[in-house]
Amino acid sequence: MTTVAAYAAPAAKAPLERTTIERRAVGEFDVLIDIKFAGICHSDIHQAREGWGTAIFPMVPGHEIAGVISEVGPGVTKYQVGDRVGVGCFVDSCRTCENCEAGLEQYCTGTGQVPTYNGIGKDGEPTHGGYSQQIVVDENYTVRIPDGLSLDVAAPLLCAGITLYSPLKHWAAGPGKKVAIVGLGGLGHMGVKIAHALGAEVTVLSQSLRKKDDGLKLGAAHYYATSDPKTFEELAGTFDLIISTVSAPLDFSAYASLLKTDGTLVNVGAPEEPVSLNLFSLIMGRRSLAGSSIGGIRETQEMLDFCAEHGLGSEIELISASEINEAYERVLNSDVRYRFVIDTATI
Ligand SMILES: [Zn+2]
Ligand SMILES: [Zn+2]
(Lines give C-alpha, C1' and ligand atoms only; values in the text may rest on other atoms or scores of the structure.)
(Ligands and ions follow the chains in the order given, each with its own letter.)
Protein backbone atom coordinates (compact mmCIF):
# COMPACT_ATOMS: atom_id res chain seq x y z
CA MET A 1 0.00 0.00 0.00
CA THR A 2 1.08 3.55 -0.68
CA THR A 3 -0.03 6.66 1.18
CA VAL A 4 -1.07 9.36 -1.28
CA ALA A 5 -2.02 13.03 -0.82
CA ALA A 6 -5.60 13.76 -1.87
CA TYR A 7 -8.51 16.16 -1.54
CA ALA A 8 -11.60 14.56 -0.04
CA ALA A 9 -15.11 15.46 1.08
CA PRO A 10 -15.18 14.13 4.68
CA ALA A 11 -19.00 13.99 4.69
CA ALA A 12 -21.92 14.87 2.42
CA LYS A 13 -22.04 18.61 1.66
CA ALA A 14 -18.86 19.26 3.70
CA PRO A 15 -16.14 21.28 1.94
CA LEU A 16 -13.33 19.25 0.44
CA GLU A 17 -10.06 19.28 2.36
CA ARG A 18 -6.54 17.96 2.05
CA THR A 19 -5.99 14.47 3.42
CA THR A 20 -4.17 11.24 2.63
CA ILE A 21 -5.53 7.95 1.26
CA GLU A 22 -4.10 4.48 0.80
CA ARG A 23 -3.66 3.04 -2.69
CA ARG A 24 -3.41 -0.72 -3.12
CA ALA A 25 -0.06 -2.33 -3.95
CA VAL A 26 0.55 -2.61 -7.69
CA GLY A 27 -0.87 -6.00 -8.71
CA GLU A 28 0.13 -8.25 -11.59
CA PHE A 29 -1.91 -6.38 -14.21
CA ASP A 30 -1.92 -2.95 -12.57
CA VAL A 31 -0.24 0.30 -13.47
CA LEU A 32 0.64 3.01 -10.96
CA ILE A 33 -0.18 6.41 -12.43
CA ASP A 34 1.32 9.69 -11.21
CA ILE A 35 -1.73 11.88 -11.71
CA LYS A 36 -0.87 15.24 -13.28
CA PHE A 37 -4.32 16.72 -13.90
CA ALA A 38 -7.90 15.97 -12.86
CA GLY A 39 -10.99 17.61 -14.33
CA ILE A 40 -13.96 18.71 -12.23
CA CYS A 41 -17.15 17.15 -13.57
CA HIS A 42 -20.60 18.29 -12.47
CA SER A 43 -21.25 14.74 -11.29
CA ASP A 44 -18.39 15.12 -8.77
CA ILE A 45 -20.48 17.78 -7.07
CA HIS A 46 -23.71 15.74 -7.24
CA GLN A 47 -21.96 12.83 -5.55
CA ALA A 48 -19.92 14.80 -2.98
CA ARG A 49 -23.19 16.42 -1.89
CA GLU A 50 -25.24 13.20 -2.04
CA GLY A 51 -27.52 14.66 -4.71
CA TRP A 52 -27.81 11.22 -6.32
CA GLY A 53 -28.46 9.23 -3.14
CA THR A 54 -26.33 7.75 -0.38
CA ALA A 55 -22.62 8.01 -1.05
CA ILE A 56 -19.38 6.70 0.47
CA PHE A 57 -17.31 9.08 2.65
CA PRO A 58 -14.65 10.27 2.88
CA MET A 59 -14.90 10.73 -0.90
CA VAL A 60 -12.07 11.65 -3.26
CA PRO A 61 -13.92 12.63 -6.45
CA GLY A 62 -12.47 12.87 -9.93
CA HIS A 63 -13.02 10.71 -13.02
CA GLU A 64 -11.23 12.82 -15.59
CA ILE A 65 -7.67 11.71 -14.87
CA ALA A 66 -4.53 12.32 -16.92
CA GLY A 67 -1.06 11.28 -15.81
CA VAL A 68 2.10 9.31 -16.41
CA ILE A 69 2.80 5.69 -15.52
CA SER A 70 5.49 5.32 -12.85
CA GLU A 71 5.32 1.57 -12.18
CA VAL A 72 3.86 -1.48 -13.94
CA GLY A 73 2.92 -4.90 -12.57
CA PRO A 74 4.78 -7.97 -13.88
CA GLY A 75 1.88 -9.08 -16.12
CA VAL A 76 1.32 -5.70 -17.81
CA THR A 77 1.77 -5.85 -21.58
CA LYS A 78 0.16 -2.67 -22.91
CA TYR A 79 2.12 0.00 -21.06
CA GLN A 80 5.57 0.96 -19.89
CA VAL A 81 6.88 3.36 -17.27
CA GLY A 82 6.70 6.88 -18.71
CA ASP A 83 3.59 6.31 -20.85
CA ARG A 84 0.96 9.08 -20.79
CA VAL A 85 -2.40 7.65 -19.83
CA GLY A 86 -5.91 8.52 -18.74
CA VAL A 87 -8.59 7.01 -16.54
CA GLY A 88 -12.27 7.82 -16.92
CA CYS A 89 -15.47 7.04 -15.06
CA PHE A 90 -14.88 3.37 -14.22
CA VAL A 91 -11.89 1.24 -13.21
CA ASP A 92 -13.26 -2.28 -13.59
CA SER A 93 -16.28 -4.34 -14.70
CA CYS A 94 -17.23 -8.03 -14.85
CA ARG A 95 -15.34 -8.53 -18.16
CA THR A 96 -17.49 -11.51 -19.20
CA CYS A 97 -21.05 -10.26 -19.83
CA GLU A 98 -22.33 -9.56 -23.31
CA ASN A 99 -21.74 -5.83 -22.97
CA CYS A 100 -18.21 -6.17 -21.57
CA GLU A 101 -17.32 -8.54 -24.40
CA ALA A 102 -18.70 -6.02 -26.89
CA GLY A 103 -16.58 -3.21 -25.43
CA LEU A 104 -19.58 -1.60 -23.77
CA GLU A 105 -18.23 -1.91 -20.22
CA GLN A 106 -20.17 1.20 -19.19
CA TYR A 107 -23.32 -0.91 -19.54
CA CYS A 108 -21.90 -4.00 -17.75
CA THR A 109 -24.78 -6.25 -16.75
CA GLY A 110 -22.63 -8.67 -14.71
CA THR A 111 -21.26 -7.11 -11.55
CA GLY A 112 -21.77 -3.66 -13.04
CA GLN A 113 -18.90 -1.29 -13.68
CA VAL A 114 -16.78 -0.22 -10.72
CA PRO A 115 -16.93 3.58 -10.55
CA THR A 116 -13.57 5.37 -10.30
CA TYR A 117 -14.74 6.84 -7.00
CA ASN A 118 -17.74 6.43 -4.73
CA GLY A 119 -17.75 2.72 -5.52
CA ILE A 120 -16.38 -0.52 -4.07
CA GLY A 121 -13.45 -2.13 -5.90
CA LYS A 122 -13.01 -5.85 -6.42
CA ASP A 123 -10.74 -5.81 -3.32
CA GLY A 124 -13.75 -4.74 -1.25
CA GLU A 125 -12.29 -1.29 -0.55
CA PRO A 126 -13.90 2.03 -1.50
CA THR A 127 -12.55 3.49 -4.74
CA HIS A 128 -11.03 6.97 -4.77
CA GLY A 129 -10.71 9.25 -7.77
CA GLY A 130 -8.44 11.75 -9.39
CA TYR A 131 -8.21 14.56 -6.85
CA SER A 132 -5.08 12.80 -5.63
CA GLN A 133 -1.45 12.37 -6.63
CA GLN A 134 -1.44 8.70 -7.62
CA ILE A 135 -3.87 5.94 -8.56
CA VAL A 136 -3.48 2.19 -9.18
CA VAL A 137 -5.62 0.87 -12.06
CA ASP A 138 -5.78 -2.37 -14.05
CA GLU A 139 -4.13 -1.82 -17.44
CA ASN A 140 -7.33 -2.85 -19.23
CA TYR A 141 -9.19 0.11 -17.74
CA THR A 142 -6.48 2.60 -18.67
CA VAL A 143 -6.29 4.45 -22.00
CA ARG A 144 -3.34 6.00 -23.79
CA ILE A 145 -3.19 9.76 -24.26
CA PRO A 146 -1.57 10.43 -27.65
CA ASP A 147 1.50 12.70 -27.73
CA GLY A 148 -0.40 15.36 -29.68
CA LEU A 149 -2.64 16.13 -26.68
CA SER A 150 -1.44 18.07 -23.62
CA LEU A 151 -2.38 16.26 -20.44
CA ASP A 152 -4.25 19.24 -18.95
CA VAL A 153 -6.67 19.67 -21.86
CA ALA A 154 -6.92 15.90 -22.31
CA ALA A 155 -8.17 15.23 -18.77
CA PRO A 156 -11.78 16.40 -19.38
CA LEU A 157 -12.00 14.21 -22.47
CA LEU A 158 -12.13 11.16 -20.18
CA CYS A 159 -15.71 12.03 -19.16
CA ALA A 160 -16.98 15.09 -21.02
CA GLY A 161 -15.31 14.11 -24.30
CA ILE A 162 -16.45 10.49 -24.41
CA THR A 163 -19.95 11.37 -23.17
CA LEU A 164 -20.46 13.36 -26.39
CA TYR A 165 -18.27 11.33 -28.77
CA SER A 166 -20.14 8.08 -28.13
CA PRO A 167 -23.65 9.26 -29.09
CA LEU A 168 -22.30 11.38 -31.96
CA LYS A 169 -20.70 8.24 -33.42
CA HIS A 170 -23.58 5.92 -32.57
CA TRP A 171 -26.13 8.16 -34.30
CA ALA A 172 -23.75 8.79 -37.20
CA ALA A 173 -23.04 12.51 -36.96
CA GLY A 174 -21.02 13.45 -40.03
CA PRO A 175 -21.11 15.24 -43.38
CA GLY A 176 -24.64 16.11 -44.50
CA LYS A 177 -26.05 15.74 -40.97
CA LYS A 178 -27.51 18.56 -38.92
CA VAL A 179 -26.68 18.20 -35.26
CA ALA A 180 -27.90 20.38 -32.38
CA ILE A 181 -26.15 20.50 -29.04
CA VAL A 182 -28.35 21.70 -26.18
CA GLY A 183 -26.37 23.59 -23.53
CA LEU A 184 -22.86 25.01 -23.94
CA GLY A 185 -21.09 23.89 -20.77
CA GLY A 186 -18.39 21.32 -20.00
CA LEU A 187 -20.18 18.63 -21.99
CA GLY A 188 -21.73 20.82 -24.67
CA HIS A 189 -18.54 22.57 -25.71
CA MET A 190 -16.93 19.20 -26.41
CA GLY A 191 -20.03 18.17 -28.34
CA VAL A 192 -19.66 21.19 -30.60
CA LYS A 193 -15.96 20.56 -31.21
CA ILE A 194 -16.34 16.84 -31.90
CA ALA A 195 -19.49 17.10 -34.04
CA HIS A 196 -17.83 19.81 -36.13
CA ALA A 197 -14.67 17.71 -36.52
CA LEU A 198 -16.84 14.77 -37.63
CA GLY A 199 -18.12 16.98 -40.45
CA ALA A 200 -21.65 17.68 -39.20
CA GLU A 201 -23.35 21.08 -39.41
CA VAL A 202 -23.60 22.08 -35.77
CA THR A 203 -26.15 24.31 -34.05
CA VAL A 204 -26.00 25.31 -30.40
CA LEU A 205 -29.30 25.65 -28.57
CA SER A 206 -28.58 27.61 -25.43
CA GLN A 207 -30.77 29.48 -23.01
CA SER A 208 -29.35 32.85 -24.07
CA LEU A 209 -26.94 34.23 -26.64
CA ARG A 210 -24.38 35.03 -23.90
CA LYS A 211 -21.82 32.49 -25.16
CA LYS A 212 -22.60 32.85 -28.87
CA ASP A 213 -19.12 34.07 -29.85
CA ASP A 214 -17.55 31.12 -28.07
CA GLY A 215 -19.96 28.66 -29.67
CA LEU A 216 -19.15 29.86 -33.17
CA LYS A 217 -15.41 29.78 -32.45
CA LEU A 218 -15.70 26.20 -31.16
CA GLY A 219 -17.18 25.10 -34.47
CA ALA A 220 -20.92 25.80 -34.43
CA ALA A 221 -22.41 27.17 -37.64
CA HIS A 222 -25.54 28.49 -35.88
CA TYR A 223 -26.46 29.57 -32.39
CA TYR A 224 -30.00 30.06 -31.07
CA ALA A 225 -31.49 31.16 -27.76
CA THR A 226 -34.09 28.70 -26.46
CA SER A 227 -35.60 31.44 -24.30
CA ASP A 228 -36.92 32.93 -27.56
CA PRO A 229 -40.10 31.07 -28.67
CA LYS A 230 -39.36 32.02 -32.29
CA THR A 231 -36.39 29.62 -32.19
CA PHE A 232 -38.77 26.67 -31.98
CA GLU A 233 -40.90 27.90 -34.88
CA GLU A 234 -37.92 28.62 -37.08
CA LEU A 235 -36.12 25.32 -36.42
CA ALA A 236 -39.10 22.93 -36.54
CA GLY A 237 -38.15 19.69 -38.37
CA THR A 238 -34.49 20.72 -38.83
CA PHE A 239 -32.17 18.25 -37.08
CA ASP A 240 -31.07 14.68 -37.65
CA LEU A 241 -29.73 14.52 -34.12
CA ILE A 242 -30.15 16.60 -30.99
CA ILE A 243 -27.97 15.91 -27.94
CA SER A 244 -29.12 17.49 -24.71
CA THR A 245 -26.39 18.02 -22.14
CA VAL A 246 -28.52 19.90 -19.63
CA SER A 247 -29.81 18.47 -16.38
CA ALA A 248 -32.60 21.02 -15.98
CA PRO A 249 -36.01 19.67 -17.06
CA LEU A 250 -36.71 20.60 -20.70
CA ASP A 251 -39.92 20.80 -22.70
CA PHE A 252 -39.07 17.52 -24.44
CA SER A 253 -42.06 17.72 -26.79
CA ALA A 254 -40.82 21.08 -28.06
CA TYR A 255 -37.29 19.76 -28.60
CA ALA A 256 -38.55 16.60 -30.32
CA SER A 257 -40.47 18.81 -32.76
CA LEU A 258 -37.12 20.19 -33.94
CA LEU A 259 -36.18 16.77 -35.32
CA LYS A 260 -36.51 15.68 -38.94
CA THR A 261 -38.34 12.46 -39.74
CA ASP A 262 -36.38 9.60 -38.13
CA GLY A 263 -34.37 12.05 -36.04
CA THR A 264 -33.21 11.25 -32.51
CA LEU A 265 -33.14 13.31 -29.35
CA VAL A 266 -30.42 11.93 -27.06
CA ASN A 267 -30.06 12.84 -23.42
CA VAL A 268 -26.69 12.73 -21.74
CA GLY A 269 -27.76 15.11 -18.97
CA ALA A 270 -30.49 13.90 -16.64
CA PRO A 271 -33.01 15.92 -14.67
CA GLU A 272 -33.41 14.55 -11.13
CA GLU A 273 -37.21 14.21 -11.49
CA PRO A 274 -39.14 12.17 -14.10
CA VAL A 275 -40.14 14.19 -17.16
CA SER A 276 -43.27 14.27 -19.30
CA LEU A 277 -43.53 14.16 -23.06
CA ASN A 278 -46.40 14.42 -25.54
CA LEU A 279 -45.83 11.21 -27.52
CA PHE A 280 -47.33 12.74 -30.66
CA SER A 281 -44.08 14.71 -30.90
CA LEU A 282 -42.38 11.33 -31.55
CA ILE A 283 -45.17 9.55 -33.45
CA MET A 284 -45.47 12.30 -36.04
CA GLY A 285 -42.14 11.81 -37.77
CA ARG A 286 -41.05 8.40 -36.43
CA ARG A 287 -38.71 10.19 -34.06
CA SER A 288 -36.78 8.62 -31.19
CA LEU A 289 -35.98 9.69 -27.68
CA ALA A 290 -32.79 8.10 -26.34
CA GLY A 291 -30.15 8.20 -23.63
CA SER A 292 -26.42 7.53 -23.64
CA SER A 293 -23.79 7.05 -20.94
CA ILE A 294 -20.05 7.74 -21.44
CA GLY A 295 -18.38 5.06 -23.61
CA GLY A 296 -16.45 1.79 -23.36
CA ILE A 297 -12.68 1.49 -23.08
CA ARG A 298 -12.10 0.86 -26.81
CA GLU A 299 -14.30 3.75 -27.80
CA THR A 300 -12.63 6.03 -25.25
CA GLN A 301 -9.28 5.21 -26.85
CA GLU A 302 -10.77 5.88 -30.29
CA MET A 303 -12.06 9.24 -29.02
CA LEU A 304 -8.64 10.25 -27.66
CA ASP A 305 -6.98 9.30 -30.95
CA PHE A 306 -9.62 11.26 -32.86
CA CYS A 307 -9.19 14.31 -30.63
CA ALA A 308 -5.40 14.19 -31.00
CA GLU A 309 -5.68 13.89 -34.77
CA HIS A 310 -8.01 16.89 -34.93
CA GLY A 311 -6.25 18.96 -32.26
CA LEU A 312 -9.27 18.89 -29.95
CA GLY A 313 -8.69 19.47 -26.27
CA SER A 314 -11.08 20.82 -23.70
CA GLU A 315 -11.22 24.56 -23.01
CA ILE A 316 -10.02 24.70 -19.43
CA GLU A 317 -9.41 26.90 -16.40
CA LEU A 318 -6.45 25.42 -14.53
CA ILE A 319 -6.77 25.70 -10.76
CA SER A 320 -4.83 24.69 -7.67
CA ALA A 321 -6.33 22.18 -5.24
CA SER A 322 -7.06 24.89 -2.67
CA GLU A 323 -9.55 26.39 -5.15
CA ILE A 324 -11.70 23.24 -5.51
CA ASN A 325 -14.52 24.39 -3.21
CA GLU A 326 -14.72 27.76 -4.91
CA ALA A 327 -14.69 26.01 -8.29
CA TYR A 328 -17.65 23.85 -7.22
CA GLU A 329 -19.71 26.97 -6.52
CA ARG A 330 -18.73 28.41 -9.86
CA VAL A 331 -19.72 25.20 -11.70
CA LEU A 332 -23.13 25.35 -9.99
CA ASN A 333 -23.47 28.93 -11.26
CA SER A 334 -22.39 27.89 -14.80
CA ASP A 335 -19.44 30.25 -14.33
CA VAL A 336 -16.68 28.28 -16.04
CA ARG A 337 -15.36 28.28 -19.59
CA TYR A 338 -15.54 25.37 -19.91
CA ARG A 339 -13.94 22.92 -17.51
CA PHE A 340 -11.98 23.35 -14.29
CA VAL A 341 -8.88 21.21 -14.19
CA ILE A 342 -6.90 20.68 -10.99
CA ASP A 343 -3.11 20.79 -11.18
CA THR A 344 -2.56 17.86 -8.85
CA ALA A 345 1.00 19.01 -8.03
CA THR A 346 -0.74 21.57 -5.76
CA ILE A 347 -2.47 18.93 -3.60
ZN1 LIG B 1 -18.19 13.10 -15.34
ZN1 LIG C 1 -19.81 -6.95 -17.67
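Two strands are said to pair if DSSP finds at least two bridges between them. Helices (H or I, at least four residues) and strands (E, at least two) are themselves DSSP runs, numbered from the N terminus. In these terms, Gly39 stands opposite Val341 in strand E17. The structure is a predicted model, in which local features need pLDDT of at least 70 and side-chain atom pairs count only at pLDDT 80 or more, while totals for chains, interfaces and linings use all residues. Residues are numbered from 1 along each chain as its sequence is written, and chains are lettered from A and ligands numbered from 1 in the order in which they are written.

Strand E3 (residues 30-39) runs antiparallel to E17 and is joined to it by 3 bridges. Strand E16 (residues 316-319) pairs with E17 in the parallel sense, over 4 bridges; within this pair, Ile319 has Ile342 of E17 as its bridge partner. In general, strands of a sheet pair through backbone hydrogen bonds, either parallel or antiparallel. Strand E17 (residues 339-343) is mostly covered, since 4 of its 5 residues are buried. A residue is called buried if 20 or more other C-beta atoms lie within 10 Å of its own, exposed if 12 or fewer, and partly exposed in between, with C-beta atoms placed from the backbone.

For the protein as a whole, the secondary structure comes to 11 helices and 17 strands. The C-alpha trace spans about 60 × 40 × 35 Å along its principal axes. A compact globule of 347 residues would have a radius of gyration near 20 Å, and the protein, with 20 Å, agrees with this. This radius is taken over C-alpha atoms, and the globule rule is 2.2 Å times the number of residues to the power 0.38. Of the 347 residues, 48% count as buried. Among contacts between residues at least 6 apart in sequence, 67% join residues at least 24 apart; two residues are in contact if their C-beta atoms, placed from the backbone, lie within 7 Å.

The domain assignment gives domain 1 (2-158 + 296-306 + 313-346) and domain 2 (161-291); such bounds come from an automatic or database domain assignment. The C-alpha centres of the two domains lie 28 Å apart. Their contact takes 15 residues from domain 1 and 9 residues from domain 2. On the side of domain 1 that touches domain 2, helix H10 (residues 297-309) gives the most, with 3 residues. The residues of that side divide into 6 nonpolar, 5 polar and 4 charged. Here Ala, Val, Leu, Ile, Met, Phe, Trp, Tyr, Cys and Pro count as nonpolar, Asp, Glu, Lys and Arg as charged, and the others, Gly among them, as polar.

An open sheet of 6 strands has the order E12-E11-E10-E13-E14-E15, with parallel pairing. Its edge strands, each pairing on one side only, are E12 (222-225) and E15 (288-291). Neighbouring strands of this sheet are turned by 20 degrees against each other on average, direction ignored. Strands E10 (residues 178-182) and E11 (residues 201-206) are paired in the parallel sense over 5 bridges, and Ile181 has Val204 in E11 as its bridge partner. Helix H5 (residues 186-197) packs on the sheet, touching E10, E11 and strand E13 (239-244), and its direction makes about 165 degrees with that of E10. Axes are lines fitted to C-alpha atoms, for helices over the stretch in contact, and angles run from 0 to 180 degrees between N-to-C directions.

Gly291 is found in the edge strand E15. Gly291 is exposed, because 12 other C-beta atoms lie within 10 Å. Leaving aside residues up to four places away in sequence, Gly291 touches Val266 and Asn267.

Several backbone features were also identified. Most residues other than glycine have a negative phi, and most peptide bonds are trans. A cis peptide bond, with omega about -5 degrees, joins Phe57 and Pro58; Pro58 is found in the loop between helix H1 (42-48) and strand E4 (65-72). The peptide bond from Arg337 to Tyr338 is likewise cis, with omega near -5 degrees. Asn118 has a positive phi, near 60 degrees, and counts as buried because it has 25 C-beta neighbours inside 10 Å. Asp262, in strand E14 (residues 259-267), has a positive phi of about 70 degrees; Asp262 is exposed, with 10 other C-beta atoms within 10 Å.
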